[in-house]
Amino acid sequence: MERETISSREIIVIIIMFLIGNSILMGGDSVAGKGNWISIVLGALISIPIILIYIKIINDYPGKNIFEISQELFGKIIGNIITILFICYAFYLGAETTRVFTEFIKIVSKPETPQLMIMLVASVIPIYLIRSGIKTIGKWAIITMVIGSVFILITFILGPALDKLQNILPLIEHDALFYLKDAVYFFSFPIGEIVLFLAIADTFKKGENFYNVYLYGVGLAIFIIVYRVLRNLIVLGKEMLKFSVFPSYISLRMIGVGGFLTSVESIAFINFLLFGFCKAVILLLVICKGVKHIFNINNYKILVIPLCFILLFFGCINYKNVIQLFEFQKNYPYISVWFQIVIPLLILIVSRIKKPFKKWLKN
Amino acid sequence: MQVIIIILLYLFIIRFDLMVIKKRETKRDVIIYSVFLGISFIFLLLVVLDVKIPSPLIAMEKIIKGK
């Protein structure tokens, strides 16, 4: 099968959309309250060495994904175990994304429609995009990013009321350790999730500067998330923010220009659809590539329909309701640390030991 | 109603997807595709028939908390 590639610009846009994904609606509003943005910035700083590990792996094995790399380094059995673990991780994240997605649609506009039916209708887009190939996904991501950015800009211009600026004061409420703990949580969700880009690294063009790609991708995503968190905090205030399941939606509901332009919450709805779809597409792509690797199938695209439906199944059964989903999120760093730090670090260490050893054996 | 929708959906997939894949891909790939399609059909039927399936996350939570 011909190798498909995407440009660095498309990777940047996909990284931004993937990171914003469902966090545009639910994430980033953690326990730190008024100091949320401090936790986010700290989380971004923590992520730098970890992201460097990912970039080094991509640079060491150009044109290969993490499944192929782990098989090359650890052999077929351990390589397949790592692949299965990553598939499970992608299933877990995919199920969470689809569930948040449909819970939101259900709460906002379709309370009577069965969840599975909403999921089935929404799944048409990821299935179509993956069947069309990574190039189409890249182009689609750029178009939707432009639309999404315009909407973000509109909310910025309409802006939160400046008289409520005191809502973000005092800037620092807790001690440093508290923010550090919160930053670790923020690293695990969503920044660390870009580890899954290692699974589609075989589609990255060889010879690109991945330091710049990740810098721009993650940097812009952090900027948008900080803006969103501050906006929500200014508009809603700390207490109301604590009890909001979808704070962006509620805060945009309250933004307006006098009595003239109000109820711009549909912007949050559209943005969430656009960015949420991107995250779902990438997660489904990772699952397809993983299953393709395990069963040694020629074309991963044929698997997209059954695997998408299995993903929807997990989206339905994993959580009873959205509250349970948020509760389980507290355990998330314990799961994610294995995929985001331990396995990539292990791969990098083993590859760095093995390569000189192989050279030495040849000589 | 949901059961009928699911059955019709899968009939549609078999007619317009499986048949196309059957012509283009190897026999082995078609079998793997069919197995996954069958699994997904059973899973979705279980959901629409409202069969209580324990969440895998409950087991994961117990492992994390060491219970």
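This briefing covers a helix pair, the cysteines and some backbone features of the structure above. The model is predicted. In chain A, helices α2 and α7 cross at roughly 60 degrees. The structure holds zero disulfides over all chains. A cis peptide bond joins A:Phe189 and A:Pro190, and positive phi values occur at A:Asn296 and B:Asp50.

**Helices α2 and α7 of chain A**

- Helix α2 of chain A spans residues 36–60, and helix α7 of chain A spans residues 176–188.
- The axes of these two helices come within 7 Å and cross at roughly 60 degrees.
- α2(A) and α7(A) are therefore oblique to each other.
- The crossing in which α2(A) passes α7(A) is right-handed.
- From α2(A), the contact is made by A:Asn36, A:Ile38, A:Ser39, A:Ile40, A:Leu42, A:Gly43, A:Ile46, A:Ser47 and A:Ile50.
- From α7(A), the contact is made by A:Tyr179, A:Leu180, A:Asp182, A:Ala183, A:Val184, A:Phe186 and A:Phe187.
- Sorted by class, the residues in the contact of α2(A) with α7(A) are eleven nonpolar, four polar and one charged.

**Cysteines**

- Over all chains, the count of disulfides is zero.
- A:Cys278 is in no disulfide, and the nearest cysteine sulfur, that of A:Cys308, is 15 Å away.
- The relative accessible area of A:Cys278 is 0%, so A:Cys278 is buried.
- A:Cys288 is also in no disulfide; for A:Cys288 the nearest cysteine sulfur is that of A:Cys308, 8.4 Å away.
- A pair of cysteine sulfur atoms counts as a disulfide within 2.5 Å.
- A:Cys288 counts as buried because its relative accessibility is 0%.

**Cis peptide bond**

- The peptide bond that joins A:Phe189 and A:Pro190 is cis, with omega at about 10 degrees.
- A:Pro190 is placed in the loop between α7 and α8 of chain A, where α8 covers residues 210–242.

- A:Asn296 is not a glycine, although its phi is positive, at about 55 degrees.
- In chain A, the loop between α10 (265–295) and α11 (304–317) holds A:Asn296.
- A:Asn296 has 62% relative accessibility and therefore counts as exposed.
- B:Asp50, a residue other than glycine, has a positive phi near 60 degrees.
- B:Asp50 is in the loop between α2 (27–48) and α3 (56–65) of chain B.
- With 57% relative accessibility, B:Asp50 counts as exposed.

Technical notes: Residues are numbered from 1 along each chain as its sequence is written. Chains are lettered from A and ligands numbered from 1 in the order in which they are written. This is a predicted model: local features need pLDDT of at least 70, side-chain atom pairs count only at pLDDT 80 or more; totals for chains, interfaces and linings use all residues. Side-chain values use heavy atoms; hydrogens and water are left out. Axes are lines fitted to C-alpha atoms, for helices over the stretch in contact, and angles run from 0 to 180 degrees between N-to-C directions. Helices (H or I, at least four residues) and strands (E, at least two) are DSSP runs, numbered from the N terminus. Angles under 35 degrees count as roughly parallel, over 145 as roughly antiparallel, 65 to 115 as roughly perpendicular and the rest as oblique. A crossing is left-handed if the near helix is turned anticlockwise from the far one by less than a right angle, and right-handed if clockwise. Contact means heavy atoms within 4.5 Å. Ala, Val, Leu, Ile, Met, Phe, Trp, Tyr, Cys and Pro count as nonpolar, Asp, Glu, Lys and Arg as charged, and the others, Gly among them, as polar. Buried means under 20% relative accessible area, exposed over 50%, partly exposed in between (1.4 Å probe, protein chains only).
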